[in-house]
Amino acid sequence: MEADERAGILHQKEQIGLAVLIGSEYWSVLEGRGGENMETEKKEEKTAKKKEKKKEKQPEKVIEVKGVRKIYRMGKEKIYAVDNVNFEILKGEFCCLLGTSGSGKSTLLNLMAGIEKATKGDILIKGQNIRRMSENGLAKFRQKYLGFVFQSYNLMGSMNALENVEFPLVFKRVRPKKRKELAMAMLKQVGLGARLNHKPKEMSGGQQQRVGIARAFVANPEIVFADEPTGNLDTKTAMEVMDLIHGLARRNHQTIVMVTHDPRLAEYADKIIHILDGKIQSVEVKKSMEEIEAEAEAEIQAYKELQKRKKEERKRKLAELRQGKGVTTNEVAAADSVVTASQVAPKRVEAGTAQERLPDQSAAENGQDRTEQEKTGTDS
Ligand SMILES: Nc1ncnc2c1ncn2[C@@H]1O[C@H](COP(=O)(O)OP(=O)(O)OP(=O)(O)O)[C@@H](O)[C@H]1O
Ligand SMILES: [Mg+2]
């Protein structure tokens, strides 16, 4: 080998060794790409970072339903209650499953909530496949991330409002003092600060559902499932309950999945999933994430202002009480508890227009469910 050739190979080896040591930039210099290449790399790096940020900003798919089917067997008959269903729900969306009786809404909701098991397909909640979870794992997952509101309230009859709302926190091993604090604050938020010791049978339907809502939201779950939550209420109370759920969810950026057969109630939704005979007919997106976030901000501001006003009112009432101006302690307590979302959130549906479409009017007409104001006179 000629001396020149040997020197060349040695030079190449040195180059390789150096390149390993100082990285690819060395080759750029050698290849004469120099500064220009480094700039390109910087640009690429910037673009990658931007992409990552955009990805971070992209709304989280909090629920993904993929090819889900639920078949019930009744003797030889097979009932396709949910039939090959696919959709996604984003974090912070208020989503309604809308369909006629028997269309499969409750079955689908129960599948998403992990209450029933799908015959086929996958359901991912926060990216986790609930089908692959053990019974125990699923129960813990539900406690951590999910809340439930039922049509018939499902309150414990022997417990008062406060104890009912504390209940989910017992399973979360929250200490008794903290439990009580959280439950009281939640009951105040739903306008029941003056009804803490009332048992379910000592409350109106609307009040019971408010307790049900307080119980569902007290542990601050990321997703709340509600199956016809206003199904047993008169029109006016139903709207108040809807405002309450909507306001709470917006202020805490929570996702709601609500079942209804009433198109008027679906007006509250950001996304409506139309279901018929177990199949999705269409997915109607009514609001973008930007709109939802803007609404949430406005809701938070309005709520803060309302809280401030209520605090001032309470102070004033307390001062009047001290001066013996005929204000009762009940009035002071009520002033503290009146922070219902219906006073914050604008009503989307006029009570009158939904009248004929709402279920269980007969119950309301029978006087089973007088509105809160009618019954208490002070709570709202
Ligand atoms: N446990 C079950 N066993 C057999 N069939 C069932 C069962 N649960 C539901 N179904 C059937 O599945 C279909 C969907 O029922 P689902 O309760 O989901 O309807 P829905 O839309 O919630 O109705 P509604 O508005 O009346 O509550 C119906 O045909 C129903 O009869
Ligand atoms: Mg149902």
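Contacts and backbone angles in a predicted model

Me: In this predicted model, which residues does Leu108 touch, not counting residues up to four places away in sequence?
Reply: Leu108 belongs to helix α4, residues 105–112. Setting aside residues up to four places away in sequence, the residues that Leu108 touches are Val82, Val85, Leu97 and Ile275.

Me: Is Leu108 buried or exposed?
Reply: A residue counts as buried if 20 or more other C-beta atoms lie within 10 Å of its own. Leu108 has 28 C-beta neighbours inside 10 Å, so Leu108 is buried.

Me: How many Å apart in space are Leu108 and Val68, C-alpha to C-alpha?
Reply: In sequence, Leu108 and Val68 are 40 residues apart. In space, their C-alpha to C-alpha separation is 8.8 Å.

Me: What is the phi of Tyr153?
Reply: Most residues other than glycine have a negative phi. Tyr153 sits in the loop between β6 (146–149) and α6 (161–171), and Tyr153 is buried, with 20 other C-beta atoms within 10 Å. Its phi is positive although the residue is not glycine, with a value near 65 degrees.

Me: Where is His253 found?
Reply: His253 is not a glycine, yet it has a positive phi of about 55 degrees. Its place is the loop between α9 (235–251) and β8 (255–260).

Me: How many other C-beta atoms lie within 10 Å of His253?
Reply: The cut-offs are 20 or more for buried and 12 or fewer for exposed, with partly exposed in between. His253 is partly exposed because its count of other C-beta atoms within 10 Å is 13.

Key: Residues are numbered from 1 along each chain as its sequence is written. Chains are lettered from A and ligands numbered from 1 in the order in which they are written. This is a predicted model: local features need pLDDT of at least 70, side-chain atom pairs count only at pLDDT 80 or more; totals for chains, interfaces and linings use all residues. Helices (H or I, at least four residues) and strands (E, at least two) are DSSP runs, numbered from the N terminus. Two residues are in contact if their C-beta atoms, placed from the backbone, lie within 7 Å.
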